[in-house]
Amino acid sequence: MKIRARDPKEVWQEEFDSKPSRDDGIETSTISGIPLKPLYTSADLPKREEEMPGVYPYTRGIHTSGYRGRLWTMRQFSGFATAEETNRRYKYLLANGQTGLSVAFDMPTLMGQDSDAPTSRGEIGHCGVAIDSLADMETLFDGIPLGEITTSMTINSPAAILLCMYIAVAEKQGVPASALGGTLQNDILKEFIAQKEFIFPPEPSMRLVVDSIEYCAKEVPKWNTISISGYHIREAGSTAAQELAFTLADGMAYVDACLERGMRIDDFASRLSFFFDAHIDFFEEVAKFRAARRIWARWMRERYGAQDERSIKLRFHTQTAGVSLTAQQPELNVARTAIEALAAVLGGTQSLHTNAMDEVLALPTDKAARIALRTQQLLAYETGVANTIDPLGGSYFVEALTDEMERQAEVYFKRIEELGGVIPAIEASFFQKEIADAAFRYQQELEQKRRLVVGVNEFTVDDEEPMDILRIDPKLEGEQVARVQAVRRKRDQARCSKALAALGKAAAGSDNLMPYILEAVRAYATEGEIMNTLIEVFGVYTEKAVI
Amino acid sequence: MPVDTAVRPVRILVAKVGLDGHDRGVKVVARALRDAGYEVIYTGLRQTPEMVVDAALQEDAQVIGLSIHSGAHMTLFPAVVQELKRRKATDIIVFGGGIIPEDDIAALKKRGVAELFTPGTPLQDIVDWLRKRFPRGGS
Amino acid sequence: MSDIELARRFRAGDIRALARAISLVERRDPSVRELEEAPKGSTAEVVGFTGAPGTGKSTLVDALVSLLRKQKKSVAVIATDPNSPFTGGAILGDRIRMQRHALDPKVFIRSMGARGHLGGLSLATREAIRLLGAFGFDQVILETVGVGQSELEVAAVAGTTVVVLTPNLGDGVQMIKAGILEIADIFVVNKADLEGHQRVVMELRGMLSLSAPRAHAAGSPKAWKPPIIPTVAARQEGIEELWAAVEAHRRYLEASGQARELAEKRLKDETAEVVAELAREQARQALGEDAGLTARLMEDGTPYRAAEEIVTRLGRGLKPPAREH
């Protein structure tokens, strides 16, 4: 019998077409709605020169040695209640093998107001630590040598103030600013786009960002001045491609603003860092991370003419998706987080936060926080996934999906440019509308059970066991209010008033505001006082409702 | 009254109270309520209890929907109910949504919040709940 | 709230009673009409704002409210948004831009869904305006997004109609909808800090000079020429100039005798609409209750004979229908 050599792809296709498909009505597209084929083959592999880790365009990673050279930094975001309690939690985490700190601030701190402001009522110490003045910051880092660790601070509108507080604490410890390492989120554009913790209008907000970048380039050279964040965009309901595109577009807007200030690209670009979400659709996430590096490298080199390799490499932090956690059967969140963390690692993240299973209910308990950290350690040391660099590189599927992500991002870049850039697009509510549409679409898919979330719209149980959750002692609020008022009583009032007046005057002009803020911080001006001084000059922003 | 003009949709004032800006949930709910035939007045972010009640009175809303993700619900939800009492408008129903632990839900209901919806609640549940409260449209 | 209780509280200055009364007129409930009869001299002056989405109308209105508050005037804002024609639902979000006036007892903001009122929004809006005047508000600002017929409705209600444009929307003045030149008493070019605002002003001027002069009262000194006011509402710039133009327009209406003419015409139009509304209701009732009439109607296959019969009956004075609850 003569066997004709047929293309195995054709054979498979015929066989596949002859078999029935599952008819459970569940979507087969990615969670972002990208249609997927049932099988990817060499025919889907993009035709391009072979890509290598540590080599432009860095799709396979920015380090030649991947995690062989150095593991990712396990950086758990934490902070709650008072500076004193959070300080204890930091020491506990450092003793348990965590390698960097990441500060979560409470809502009044994030919104630039003091604990004794009327609208701080009920919010103090709930989502993070309450910091009102340098005094609180001194307590927060008491006994933690700032020259030896790196610290990430998640704060945006008042970012410059908190950075100055960190610098001032270091001064008191005898550590020069030039020795400080860490990251300031400082990404105001995504606040306008997604998280909405804006205070000033876009223009003065951008000025503060550029001021801090310019200042750090000279004075705090090891500091990552900005963490351009897709995380909050994704959590607000965007698709993976939107997260990728909007974040990189924001990045370019910051680059443009710095160039406009007269800085040279290679003087600041290496200190720009990124922050992405790791959602539950595993392959889509890996593709997103890989595409991000390739796009950024290309734009930085081709459009901005960056020469320094470090300006071209996209470094990023990842947090697993808070929005994917469920209040129902919350133990399942450990599994979700592990899968998301794996996507981040296989996507080549530089640092990682894994969510605790109870974070959907409240701030994590000690135990939940430990399990979250242990999940990363397990990935790093038990699974072996760190032994091979970019192990998914060359996968027909992952390579094709990486290209698709890149393609969709480029479409968005074009639209944003047509709208006149990121800020005009914000003012036209472009991003906000895109995100709200995507969020609504996804919610409808859930309602129609075209997507399942285990324990939520399928596989539910009637009697949920209650979980122990962390409670913030209501007494704390009064104590923190008393603390900030004591600071105001005890400080050198003349020095403080003088510093605030100088800041107000500088804000009306065009000086870099960082030295003025630093002086106000040293004089124990409170965060609220500094912000209010700036609000006097800059005004506040109200967004248009886009639903 | 004329059939085609008399049916007055129930008016629901939807607001984010507290300082956090996480508006994904509130927007999704607002759209679902609109699609279910309600008139939704969205007042946006960072509303104080006083602002919420004042707006609800001006808008003659029958229902106030509050969203919060910052953990300040135990302070702010009851404050809205209190403010309604002060303004003699306790006929306005308050419901809430957000990250709210089980124990807090019971406590808030005792303090006058009609219903609370946590993440993962199907939108239809919220609509069904409102339909039960207002079977014949607005009053 | 009973009708009597509502009236008592309305007259006592209770905001909630005002809000409820507006709800009642929104669904054409006649029970609050006596409240519309304003004490002498308490008629609110009405200025309407319309323009395409994204022109910054809410911000402009917000800025104007600030100016009027500085002049110690009380202000009510009625902001309308379209309802879904399918579900009747709507999302009304214009308050957001007016947050800084929250808790100011002399500022009242009401969002209205422009839900399929026969005769459009204007009937309910006119009633609401009378209520606001009777309640004691000095100024009423109407704001509506310029889609569909809504801007014509604003013009039919407001004393002064302001059309808002911006430099960054599409192809400048080419975007101006037909009919808008005729209704505008004042043009605002908002966001005048953006590139291209000069061009919009120039093009607008060109179009205005080509259009026929507005019909005006016989004997009036000269026709009103709509001024073009550049503003940056977000920075409160140009707002005083805008208000000066509104006041100039009001003076013009008074001096030319148009104010009276307009009031008379509008009241007549409204009366005709109210008559139509009443008649329609009577007709529905007759058609619903009278089986014989329905039978004849179906036999005819056309509505005219039945309509005539109803009109004849109306002439004999059917009693008004009972109010539904």
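How many residues of domain 1 of chain A are in contact with how many residues of domain 2 of chain A? The contact joins 33 residues of domain 1 to 23 residues of domain 2, where contact means that C-beta atoms, placed from the backbone, lie within 7 Å.

A word on conventions: this is a predicted model, in which local features need pLDDT of at least 70, side-chain atom pairs count only at pLDDT 80 or more, and totals for chains, interfaces and linings use all residues. Residues are numbered from 1 along each chain as its sequence is written, while chains are lettered from A and ligands numbered from 1 in the order in which they are written.

**Two domains in chain A**

Domain 1 of chain A covers 46-447 and domain 2 covers 476-538; such bounds come from an automatic or database domain assignment. Their centres, taken over C-alpha atoms, are 28 Å apart. On the side of domain 1 that touches domain 2, α5 (134-140), α6 (159-173) and α8 (202-219) of chain A each supply at least two residues. Helices here are DSSP runs (H or I, at least four residues) and strands likewise (E, at least two), numbered from the N terminus.

**Chain B against chain A**

Chain B brings 29 residues to its contact with chain A, and chain A brings 31. α2 (24-35), α4 (73-86) and α6 (123-133) of chain B each give at least two residues to the chain B side, and α2(B) gives the most, with 5 residues.

The two sides described so far divide by class as follows.

**A residue between chains**

Leaving aside neighbours within four places in sequence, B:Val40 is in contact with residues of chain B, including B:Ile12, B:Val14 and B:Leu33, and with C:Ala90, C:Ile91 and C:Leu92.

**The sheet of chain C**

Chain C holds an open sheet of 7 strands in the order β4-β2-β5-β1-β6-β7-β8, with parallel pairing; strands pair if DSSP finds at least two bridges between them. The edge strands, β4 (107-113) and β8 (228-230) of chain C, each pair on one side only. Strands β6 (160-165) and β7 (186-189) of chain C run parallel and are joined by 4 bridges. C:Val163 has C:Phe187 in β7(C) as its bridge partner.

Methods:
Contact = placed C-beta atoms within 7 Å.
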